[in-house]
Amino acid sequence: MCVIMNMIGMAGWRRFLLMVFVCLVLQVPFNHVEARKDNTLRWLAALRSNNSTPVSSSDPSTYNYTEWENWVPCSKKCGRGLSFRARGCARGACPSAGLITYKTCNLQPCTENEQEEITRDQQCAAFDAGFLKWSAFAVADSMARCSLTCREQITGLIEQKGPKVLDGTLCGPDMLDICINGKCEPVGCDGQLNSISKLDRCGVCNGNGQTCQVIKGQPFKLKSGKSQGVDVVYTFPQGATNIMIRYRGNNYIGVRGTMLGAERRGLNQFPPASRAGTYMVSGTRVRYMTERRGKKRIVVQGPIPNAMQLTVMFVSPATELEYVYYNYTAGYYWKELGWSECSVSCNGGEKGSLISCVSVESGEALNDSFCDQSKRPKENFEHCNNQVCPPRWHTNPWSDCSTSCGQGVQQRIVTCSQDLPDGQSISKVYQACQGQRPPSQKTCNPQPCPHWLTGNWSECSVSCGDGITTRYVQCQNHQEVVVTTGCDPETQPDTQKTCSTRIPCHSPKKPILESEEEFIQVETGAFNSGPESSTPSFVTGKFGDCSATCGEAVKTRLVTCKVASGFSQLVTDLPDFECTGSKPETTVACDLPSCENEDNNIFGSDYGSGGIPRYMWRFNGHTECSLSCAGGYRESIVSCYDYESTDFVSDVFCDIDNKLPVYRDLCNDFPCPPMWQLVIYRECSATCGGGVQEAHYLCMQKFGANYVKTVHDYMCKEPKPTSTRPCNEVPCDAEWVPGEWSMCSRECGNGMRRRMVYCRQKTVDRQIVEVDPSLCPADQKPRETEDCNQIDCEPEWIAKEWSDCSTTCGEGQRIRVILCVQQTGSNRVEIVSTCDWDQMPNRSEICRQKKCVEILGNNTSVIQTKRMNKVRLQIGNTAKLYKGTTVLIKCPVINFKKTNLLWTKNGIPISRGDGKFQILQDGTLKVLAIEKEDRGIYTCHAGDVSEDFNLLLHENDDGLSGSTSAIGWDKDPWSSCSVTCGSGFKSRNVTCTETHDDKKEWLPDQDCLDFGIKRPNDTIPCNKGRCANQWKVEPWGSCSGKCTESYTAYKMRRVYCENGDGVMIQGKNCDSANKPKRLYPCRTMRCRPEWRKTKWSECSATCGPYGFQTRKIDCVYGGTKGSAPTNFCNARGQPSVIQQCNQQSCENGPCKDLAHYCPLVKQLDLCNSDSYQIQCCQSCST
């Protein structure tokens, strides 16, 4: 237990808090406290006497401190609070100045709902009692700035209520310095304690004074002889700072705003003159000072939010020598220049205040860099244009253009709808929307599309038979620039085709024809419904003629590597290495007869009868058409004909040199039917592990040898083929596959979450299997753990251990340290000051120990004035008796067994068997026939509790028998506690009395003190528990609310909820059933009902008895012009709403219509009525 509590006693709440801090926060061990008891006593004695330097050693080598404790939470949440930390003395006699240190904190300004500080006025108001109301009083003595000096508002009595104000209180008005422990400590303009930062003359912290200029006004001479009224001397512009006004004379200087009626809230605008002090004028703090010999000064630090006028109030005739001197600083200030445009035109938008940096001298708006950015006002916002939007045209976004070139079309949806304030939209008919309906379609991409540009065909690649001809094909845009994209690949013209020289290459065995047929078959064979295109392969031609007609000879043929497209009918020559397999032979030997027997011609004579050749070349029909459609060709067949047998024979019988030429003509020249053609296989569905490729088919129609066109799918009669083929049938590489994350281990303050990571592989059959982790790349393995919820936790209260009970018996108190801590996202615990103060645990509580032993001593003095055989007295008495008297000293005790009472005389125990002394069963000590040696101090012991009895003897023996007198303190009963909660006190009257023969006589207190009787306490603390939350109310405002009845409105007051510490909290924390009223009816002339009348309308006729005019009347409240019920005004008599006019006769004037409805009277045949004839004279007479 911390023994410092017992040392200090009731030393005031400030010293008590400091002791709690030393005992609990520093956690000073008991033995350390005992070891430093003497030094601590000197330190506490210095605190009691407000001496900042207690008795201690000045030699630093004789003492040293403990480590500093943490800073305590800031005293305020905003507006510059105060924090401190302390440390103990580890050795020797430490100077108290080094035990505690302070700093400022939470320098940011308070918002409108936050209380900035506990002012001196509030501290003085704590002493209000009955009709006495105390407010702060500024003392002139700079040494007493931090004392709590108050002035009673009615009597003007000035009294120092305390030697110190609360720590953190400003030393004075318009000062930055603050009071700490009764001493004014300097604070810089940067808000830091003991800082040397200062405001320059322009009000800029640490500025150079160059951002403004000092303006000295011309001395103003008062009008001589003027003795009453108020003159305006000068108008200080908005934003002016450091205003200084001086005057000497019998009249009074003052200030006021420039708005209408501002003189009622100004300083020194009406007699009597104001006292010296600080006033709020036009939203600015103004210091008014009066000195001897009529000197008066006004100081305004500013910047002033509005223009302010300097005035002189005359109360006595001015002399010739009375002048007013003034100067001020003109710099730059922030000014609201109005409102921005509303963000929307309807349905409720927002507009913000326009804040600009303005020159005080010129009022011109400048660049914001001229003003102090830290003092820029907060931008205000308000709602605007709350009316519902009218229906309007709504357009969806344009669709993509139907074509990328060649003029396409874009479309969009256009509707008429009305937007509602809640964000919803309702459809309307087209007629509800104003203006022309926006277009729903427009043209796009008008530029011509890129097109294929072809060159001329080259010469045929052969001089006889069929060859290849080529040309270049390029994609060209509308600017005649060659591009790589934009042209349709499906319509790209061929870059080569076959060509025919129509010149046969001589061969008795028609190798060219056979070769061409085979070549044609390769070409046309591709245009089938097969699923795949041709692969490169060797194409062989027919063998040519033998190199000789007999003997050894060879014949040759053409062997070429070719590839044919499946649908485009193009055959392309490739290098031999592109074809697989061995290349066929190009030359073979001829099997011919020997040339030795030339004359033995096995074929016989080449001539027939008559010398006509027997064998001659002759046309033998045509070959089959090369294609069944799309324009093929056929060739004439030339065969050797035997005219004798009239039959065709082998070509060897005819002379090859005389062979007829072969002719080719077109056949089957009509389009082929549309057919599905495989174009390409799409991309593989997987890069490994077995995927599939889907075949892409198009419906195509062949119109010619080199002209194939894509047509609509419906033109192909057969169903569209579907086919796939496997691809990438290889196993995939093993890879890491992470599992799902677990829940985070913490909701805030940096937790951790985990997951499993597997090594898996996709096989050829598309199965995913788990494999050994070594097969996966170790450096690419995903993390198995990671941090999560790295956000700051909500601040919370942490309570440390309770201290020991303040007493060892009975009812005491124990306390503990309560800290507001927050666990940050970086897993650190920090002490903060943002906890909910309503949820703060109790710092103290009542503790109950075993019942205390109490000896009921009677601190009175008893003087025996007459001899008696026996005297009964009580412990605690001081008795002066005669020798020979037997004394019984009773020792009343509570919570202790009386038979266990022990007695001592002058510290020596008294035994029960002593013949001179007897200890009775009830614990009473009996001293028989006292003698001189029996004088002394008799002590009754009840365990650890003891009480003394002082026995004295008369010097002479002449006393008479019969009476005694007693001197002691007479105590009245305790009063009720001054408060029901929050620490109050109880009091009682304590007086010194002498009792003689049952009669009391009042004595001066000093008589009891002279007998050594200690004066009992006349006050004790009570009800230390924290108060419950309760409703607080402010004074009623003026009767300025909304009118509810005749001469009746509402007045309002502020009602708020306050906790036991006097801090305003949310209303839900107080009992709503007991909430005081915020509105109350009141009587006011503002709500006087009266008729509001419009002007009379024009007369309905210019003459005659039927002219009239009308007007509108409304019942309103006269002071507000707000609408009032009509019955409120009826008591005042309702004014007429119609009257006759222009009653002069119309006889001498022309016959005219006097009403606008006269043409209708004629049509309705109402002219027979006399009244209509007069009103509509002109219409009825025609």
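**A core residue and its surroundings**

Tutor: Setting aside neighbours within four places in sequence, I243 is in contact (heavy atoms within 4.5 Å) with F236, I298, V299, V300, I304, N327 and Y328. Residues are numbered from 1 along each chain as its sequence is written. The model is predicted: local features need pLDDT of at least 70 and side-chain atom pairs count only at pLDDT 80 or more, while totals for chains, interfaces and linings use all residues; side-chain values use heavy atoms, without hydrogens and water.

I243 belongs to the largest nonpolar core, which has 29 residues. Such a core is a set of buried Ala, Val, Leu, Ile, Met, Phe, Trp, Tyr and Cys residues joined through side-chain atoms within 4.5 Å; buried means under 20% relative accessible area, exposed over 50%, and partly exposed in between (1.4 Å probe, protein chains only). The members that touch the most others are F236, I243, I245, V255, V286, I298 and V324. Two or more residues each come from β12 (229–236), β13 (241–248), β14 (252–257), β16 (284–290), β17 (295–300), β18 (308–314) and β19 (323–330). These strands are DSSP runs of E, at least two residues long, numbered from the N terminus. Another core lies apart from this one, with 26 residues that include I875, I889, V893 and I930.

F236 also takes part in ring pairing. The structure has 13 aromatic pairs, meaning rings of Phe, Tyr and Trp (its six-membered ring) with centres within 6.5 Å, called stacked under 30 degrees between planes, edge-to-face over 60 and tilted otherwise. F236 and Y326 form an edge-to-face pair, because their ring centres are 5.9 Å apart and their planes stand at 85 degrees. F236 is in strand β12 and Y326 in strand β19, so this pair ties together parts 90 residues apart in sequence. Both F236 and Y326 are buried. For contrast, W1036 and Y1080 make a tilted pair, with 5.8 Å between centres and 45 degrees between planes. That pair also links distant parts of the chain, 44 residues apart: W1036 sits in the loop between β74 (1030–1033) and β75 (1048–1052), and Y1080 in strand β78 (residues 1079–1083). W1036 counts as partly exposed, because its relative accessibility is 30%; Y1080, at 42%, counts as partly exposed as well.

β26 (residues 414–419) and β27 pair over three bridges; strands pair if DSSP finds at least two bridges between them. D419 stands opposite S425 in β27. Another open antiparallel sheet of three strands has the order β52-β54-β55, with β52 (796–799) and β55 (829–831) at the edges, each pairing on one side only. In it, β54 (residues 818–823) meets β55 in the antiparallel sense over three bridges, and Q823 stands opposite V829.

Lastly, confidence: the mean pLDDT (the predictor's confidence in each residue, from 0 to 100) of the chain is 78, and 85% of its residues reach 70 or more. Residues 506–533 have pLDDT below 50, though this stretch has 69 contacts in the model beyond near neighbours in sequence. Residues 597–605 also stay under 50, with six contacts beyond four places in sequence.

Technical notes
Helices (H or I, at least four residues) and strands (E, at least two) are DSSP runs, numbered from the N terminus.
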